[in-house]
Amino acid sequence: MIRARLILHGKAAQEERVRAAVQAARNDGHMVDVRVTWEAGDARRFTRDAVRQARQGEVDRIIAGGGDGTVNEVFATAYKTGSFGDCSFGVLPLGTANDFARSTGIPVDDLTAALRLSLCTTARQIDIGMLNETPFVNLVSGGFGSRVTAETDPALKSRLGGLAYLLTGMGRLREFTGCKGRFRTPDFSWEGSFIAMAIGNGRQAGGGIQLCPGALLNDGELDLMILPELSRDAGLNVLASLLHEGLDRINDLKIATRSPWIEFESDHDCPSSGHLAQMVAQRRGDRASSGVDV
C-alpha cells in the first residue's frame, strides 16, 4: 500500500479519466490524497507541504498531475526544499504536449496505467538539471522554437493538442531571427548565430520535437544541440523541416555535444524557456521519478 499525494492541476479536476484513475488506484488498496491547484503558487505550496509530511514518514510518493509545467514545478520545488526522506516521485500526464512523459515512456493515453506505474514501479535515480540555481527536469531551449512555444494560443492547444505548436510555428516562419551566443563545456566551445538551441536532460519539447534525442535522465550529463543560422531562405526551409518532421531531417546541420555542465553567454536577450542572456546549466543527481523509463 502506497500513501500518495497527487498534486493536480485545477483544469483537470473534473475530468472523468482522472477520477477513474484515482478510484482505480484506491480500489487497488493505495491511499491517494488529492490537492487541486487554484491559483499561481499552489503547486509549490502543496509540494512543500507534501515534502514536509514525507520527512515525517507520512507520504511515500508525490505525483505531479498536469502538463510539463506542473511536472517541472513540483519536481523543482521538491528539490529546492531539500531532503524528502524515502519519498519518490511520479507523473500523471495531463498536459497538451506531455513531452517529459512521452520521452520517458509514461503512458499518456491511459491515465489509470500511468497512475499505477507511478504507484507500483520501483523508483530509480534521475539527474536534475540546474539552470544557474533553478532546477529543471526536461530541457531548456532557446531561439525560434521557444518563441513558438510561448506564443501558441492556449485555446488552440486545448483543441488541437501538439498540432497547435506546428501551426503556430508555420505561421511565424517569416518573422524569425537568429540569436547570437557563446557556448562552452570542459572540452567544447562554439560561438555564432543560431536558429535554435536546447540543453536537455529530457529529449523533446514543443509538442514532440526531438531536440535532444539521445538524452538520458541518468547518465550524469546534459545534451547540447545547436542549430546554426543559415541564409534566410535556407533557414526557413530548415525551420519548416524541424517543426514538421523533427530533428532527424536536419541531422547534418546540427551541432551536438554532451557534458556535465554547459555555459552560455550572449550580449542580447534570446527567446527561451529560461533566462539565456547568461547562464550555466549543470546536472545534479537526485532521487528518481518513479516509473520513468530512462
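**Figure 1. Aromatic pairs in the predicted model.** In this predicted model, the structure holds seven aromatic pairs. The rings of F75 and F89 have their centres 5.7 Å apart and their planes at 55 degrees, so this pair is tilted. For F84 and F89, the ring centres are 4.9 Å apart and the planes stand at 85 degrees, so the pair is edge-to-face. Both F75 and F89 are buried, and F84 is buried as well. Through ring pairs, F75, F84, F89 and F100 are linked into a cluster.

**Figure 2. The nonpolar cores.** The largest nonpolar core has 45 residues, and those with the most contacts inside it are I62, F75, L92, L115 and L119. Apart from this core lies another, of 15 residues, which includes F136, C179, F194 and L224. When neighbours within four places in sequence are left aside, the residues in contact with I62 are R5, I7, A50, V51, V74, C87, S88, F89 and G90.

**Figure 3. The buried side of helix α5.** Within helix α5 (residues 111-120), the buried residues are L111, T112, A114, L115, S118 and L119. These residues cover an arc of only 165 degrees around the axis, which puts them on the same side of α5. Among the elements that cover the buried residues of α5 are β1 (3-8), α1 (16-27), β2 (31-36), β3 (61-66) and β4 (88-93). The N-terminal end of α5 is capped by D110, a side-chain oxygen of which lies 3.3 Å from the backbone nitrogen of T112.

Figure 4. Of the salt bridges in the structure, which holds 13, one is formed by R5 with D33, the closest N and O atoms being 3.3 Å apart. R5 lies in strand β1 and D33 in strand β2, 28 residues apart, so that the pair links distant parts of the chain. R5 is buried, with a relative accessible area of 3%, whereas D33 is partly exposed at 31%. R5, D33, R35, D49 and R52 are linked in a network of salt bridges.

Figure 5. The side chains of R184 and E263 meet in a salt bridge with an N to O distance of 3.2 Å. Because E263 lies in strand β14 (residues 261-265) and R184 in strand β8 (residues 179-185), the pair ties together parts that are 79 residues apart in sequence. R258 forms a salt bridge with D219, the closest N and O atoms being 3.9 Å apart. R258 counts as partly exposed at 37% relative accessibility, as does D219 at 27%.

Conventions:
Residues are numbered from 1 along each chain as its sequence is written. This is a predicted model: local features need pLDDT of at least 70, side-chain atom pairs count only at pLDDT 80 or more; totals for chains, interfaces and linings use all residues. Side-chain values use heavy atoms; hydrogens and water are left out. Buried means under 20% relative accessible area, exposed over 50%, partly exposed in between (1.4 Å probe, protein chains only). Helices (H or I, at least four residues) and strands (E, at least two) are DSSP runs, numbered from the N terminus. The arc is that of the directions from the helix axis to the C-beta atoms. Contact means heavy atoms within 4.5 Å. A polar contact is a pair of N or O atoms within 3.5 Å; within protein, one must be able to donate a hydrogen and the other to accept it, and residues adjacent in sequence count only if both atoms are side-chain atoms. A nonpolar core is a set of buried Ala, Val, Leu, Ile, Met, Phe, Trp, Tyr and Cys residues joined through side-chain atoms within 4.5 Å. Rings of Phe, Tyr and Trp (its six-membered ring) pair if their centres lie within 6.5 Å; planes under 30 degrees apart count as stacked, over 60 as edge-to-face and the rest as tilted. A salt bridge is a side-chain nitrogen of Lys or Arg within 4 Å of a carboxyl oxygen of Asp or Glu.
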